[in-house]
Amino acid sequence: MNTLVIVESPHKANTIKGFLGKGYKVKSSKGHVRDLPKSKLGIDIENDFEPQYINIRGKGELINELRKEAKSADRVFLAADPDREGEAISWHLAKVLNLDPSKTKRITFNEITKNTVKEAIKHPRDIDMNLVNSQQTRRILDRLVGYKISPFLWKHIKNGLSAGRVQSVATRIVVEREQEISEFKPEEYWVIPALFANEKGEEFKAKFFGRDGKKTDISCREEVDAVLSAIDKDNFRVSAVKRALKQRRPAPPFITSTLQQDANRKLSFQSQKTMLIAQELYEGVNIGDKSAHGLITYMRTDSLRISDEAREAAKAVIISNYGEEYYPKTPNNYKLKKNAQDAHEAIRPTDPAITPDMLKGKISNDQYKLYKLIWERFIASQMSAELLDTVSADIESGGCVFRANGHTVKFRGFAAVYGDIADDNADEESGAMLPELSEGERVTVKDIAPEQKFTQPPARFTEGSLVKVLEDKGIGRPSTFTATITTIISRGYIRREGKFLMPTELGVVTTDTMKKAFSHIVDYNFTAEMEEDLDRIEEGTADYITVLKDFYGPFQSQLEDAEITLGSERVEIPKVETGMVCEKCGAIMVEKSGRYGKFAACPNYPRCKNTKRLDEQPEEKTEETADKKTAEVLADEKCPNCGNDMLLRKGPHGYFFACRNYPECKTAIPYRRDSGIACPDCGKRVMIKQTKSRKTYYACEDYPNCSFSSWDIPTERRCPDCGEPVLKKKNREFYYCKNNCGWIEGK
């Protein structure tokens with residue numbers, strides 16, 4: 001029997017080809033083949049919101065090829081990804097290719113391995129129209145919100161802006177966090193750490209806890225003085241010692257959101273990069289045996305469920321590598337979060353027996369890092385709890401209690417694999433080892449040093465922490481988080497500052513306008529409730545046309561009210577000064593956006609039309625010659641031909657050193673100056689040099705004999721993880737490893 005299998009990804013098609021024998025032909029649709037038109041709304045509101053799909057431009061030849069292949073096939077399997085989007089792609093293919101329903105079936109697999117694909121072919125099914133309608137409803141809702149609200153933003157703010165059912169809410173979250181930070185008022189508080197020694201002379205640390213058995217917060221110096229005056233430094237004793245066995249359970253295996261969070265936190269991967277690499281691991285990677293293998297299960301999921309086969313495979317790995325005591329007597333099970341869909345398993349390795357070390361050097365470095373993270377989290381999730389012997393000791397004098405906490409690891413359990421405790425179910429209690437203490441024992445105070453502190457504002461969002469908030473609030477679904485963040489950054493509402501996300505002036509103005517005129521759309525509860533409606537459509541318990549009608553009635557009223565609310569006012573976007581001076585008129589240049597990105601422009605446009613690149617360095621104040629406007633600065637060198645001074649000159653390709661008699665004397669050398677920094681590779685001087693496009697970079701003076709060069713600033717520090725040199729990001733306050741091992745520090 002001649003069978004055509006259609007998947008959405010060419011890479012996925014290549015992997016599956018290796019699993020199927022004769023009689024199977026695998027083709028790729030390269031994503032969607034139909035979509036709503038870009039030039040108009042494309043939705044017939046009066047006719048039950050009928051979408052007006054068109055074939056995507058440029059896919060005509062591919063569609064004809066697939067139609068020809070389908071016509072000659074005895075059966076057609078539509079094998080797009082196992083989610084709403086994949087179901088919709090399969091449905092669109094069936095429509096566009098005019099597939100015969102009697103010979104067309106849908107197959108899905110949670111992992112791309114030979115056994116799983118062959119098993120899926122044995123159990124084909126019909127296209128699930130509940131999944132299709134759920135995806136269609138999301139697409140229609142997003143089109144209605146975007147195409148109906150965006151014209152208001154064009155009219156009242158600037159042309160080219162867009163609104164979105166999820167993107168506008170995500171922007172609001174970042175904007176409101178920045179407002180919290182700017183409005184934050186620090187509050188003073190004090191801590192009183194002390195250094196004690198027991199009767200054996202063993203030292204330990206404790207902090208002031210409270211008075212008369214009650215926890216006491218200290219907010220000023222007077223309260224500190226009251227504590228210090230109440231205690232008798234010569235009369236401290238141990239008033240209580242509590243010992244306990246603490247059990248710490250492992251975190252569950254990854255779902256989409258937690259994978260994005262941990263990859264951002266531990267590997268400094270942006271969510272888009274995480275999902276691209278995860279897609280590669282899912283679709284198949286060649287690991288040296290002349291065929292591709294899917295290394296992880298489907299990566300768009302919010303389920304914590306794993307199969308019995310995977311659990312048994314993990315058990316075998318744990319017992320073999322760590323011992324029977326590392327596998328719990330009762331297998332670990334994890335409770336699903338509210339509104340989680342249980343269509344797929346959690347993200348896990350397809351074969352736990354394939355350890356990260358087995359793949360090192362066979363896959364790319366980034367693929368290895370992400371696979372290692374997924375493998376360790378999954379294996380740890382199936383292991384025994386970590387056991388800690390904890391001790392808490394109260395040291396008392398004059399009614400004032402100082403408390404010392406400590407622990408020792410009795411049994412490592414899951415921490416032998418996934419040692420980072422900053423996971424979903426981990427608490428923050430920790431402490432150093434304490435010496436042996438007994439109640440009533442007298443201790444000696446070595447030092448008491450009160451410290452003044454101030455409360456800190458909430459931290460700005462990283463991509464990982466923003467994903468967590470979106471998940472907690474029920475805004476969007478795992479498959480939409482990356483697209484949402486990418487969209488609000490690319491459209492200029494949010495910008496990256498190192499690893500942090502900050503709103504732009506445009507984002508602040510747009511959010512304020514949306515809250516003023518379309519408060520219902522950017523309301524957190526409304527967005528979360530809409531996601532629940534989409535889930536009910538998928539489950540078959542809600543009708544998608546009814547959901548759309550219930551949405552559009554109030555939405556249409558809000559559109560009409562917005563005309564009155566906003567009136568004819570036009571909001572001015574505050575200008576962001578760049579600090580660069582316009583050399584033509586002396587004004588401070590401002591940041592502008594164009595079709596090729598951001599640039600610096602003179603604020604006196606159109607009278608002055610001067611523009612610059614934002615990365616262009618301002619010219620140094622220099623001495624100008626009388627006969628031409630060439631910047632000249634004395635260098636520390638003499639011309640090797642005539643002995644005259646070498647001067648810094650500016651040419652069409654940037655700065656260069658030339659003889660004072662240039663061009664009569666042709667001596668000229670590329671621009672460079674001493675940075676005052678030692679080369680981290682060989683210890684010689686690092687020079688600041690310049691490319692032909694006038695961008696500066698750092699290179700060893702012995703280059704190319706010493707290969708060190710970097711766009712960013714070298715430091716004397718070494719990476720604490722891998723020992724490679726640490727670089728400081730140019731014009732930004734954060735540091736990272738030159739080897740890109742994932743270590744980063746600062747903003």
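This is a predicted model: local features need pLDDT of at least 70, side-chain atom pairs count only at pLDDT 80 or more; totals for chains, interfaces and linings use all residues.
## Basis of the model

Residues are numbered from 1 along each chain as its sequence is written.

The pLDDT is the predictor's confidence in each residue, from 0 to 100. It averages 85 for the protein, and 89% of the residues score at least 70.

## Overall composition

The protein has 17 helices and 40 strands. These elements are DSSP runs numbered from the N terminus, with helices (H or I) of at least four residues and strands (E) of at least two. Of the contacts between residues at least 6 apart in sequence, 63% join residues at least 24 apart.

Buried residues make up 48% of the 747 residues. Here buried means under 20% relative accessible area, exposed means over 50%, and partly exposed lies in between (1.4 Å probe, protein chains only). The protein exposes about 38,200 Å², and carbon and sulfur atoms supply 47% of that area. Accessible areas come from the Shrake-Rupley method with a 1.4 Å probe; for residues, only the protein chains shown count as cover.

## Two loop residues with positive phi

Lys30 is placed in the loop between strand S2 (24-28) and strand S3 (34-35). Its phi is near 55°, a positive value in a residue other than glycine. Lys30 has a relative accessible area of 55% and is therefore exposed.

Asn98 belongs to the loop between helix H3 (84-96) and strand S8 (104-106). Phi of Asn98 is near 55°, again a positive value in a residue other than glycine. Its relative accessibility is 60%, so Asn98 counts as exposed.

## Helix H5

Helix H5 (residues 129-156) has 28 residues, which at 1.5 Å a residue should span 40 Å; the end C-alpha atoms are 40 Å apart, so the two values agree. The expected span is 1.5 Å times one less than the number of residues.

The N-terminal end of H5 is capped by Asp128, a side-chain oxygen of which lies 3.0 Å from the backbone nitrogen of Asn130. Further along, H5 has a kink of about 30° at Ile149, shortly before the proline Pro151. The bend at a residue is the angle between axes fitted to the seven residues ending there and the seven starting there.

Just after H9, Gly284 takes a positive phi of about 130°.

Thr482, in helix H14 (residues 478-490), is 211 residues from Ser271 in sequence, yet their C-alpha atoms are 5.6 Å apart. Thr482 has a relative accessible area of 11% and is therefore buried; beyond four places in sequence, it touches Gln260, Ser271, Gln272 and Met275.

Glu463 lies in helix H13 (residues 463-472) and is buried because its relative accessible area is 4%. The side chain of Glu463 reaches the backbone nitrogen of Ser271 at 2.6 Å and makes a polar contact with the side chain of Arg496 at 2.4 Å. A polar contact is a pair of N or O atoms within 3.5 Å; within protein, one must be able to donate a hydrogen and the other to accept it, and residues adjacent in sequence count only if both atoms are side-chain atoms. Glu463 and Asn264 are 199 residues apart in sequence and 6.9 Å apart, C-alpha to C-alpha.

## Glu396 in strand S16

Glu396 is found in strand S16 (residues 386-397). Its relative accessibility is 17%, so Glu396 counts as buried. The side chain of Glu396 reaches the backbone nitrogen of Gly398 at 3.5 Å. Beyond four places in sequence, Glu396 touches Asn235, Phe236, Arg237, Ser239 and Val401.

Technical notes. Side-chain values use heavy atoms; hydrogens and water are left out. Contact means heavy atoms within 4.5 Å.
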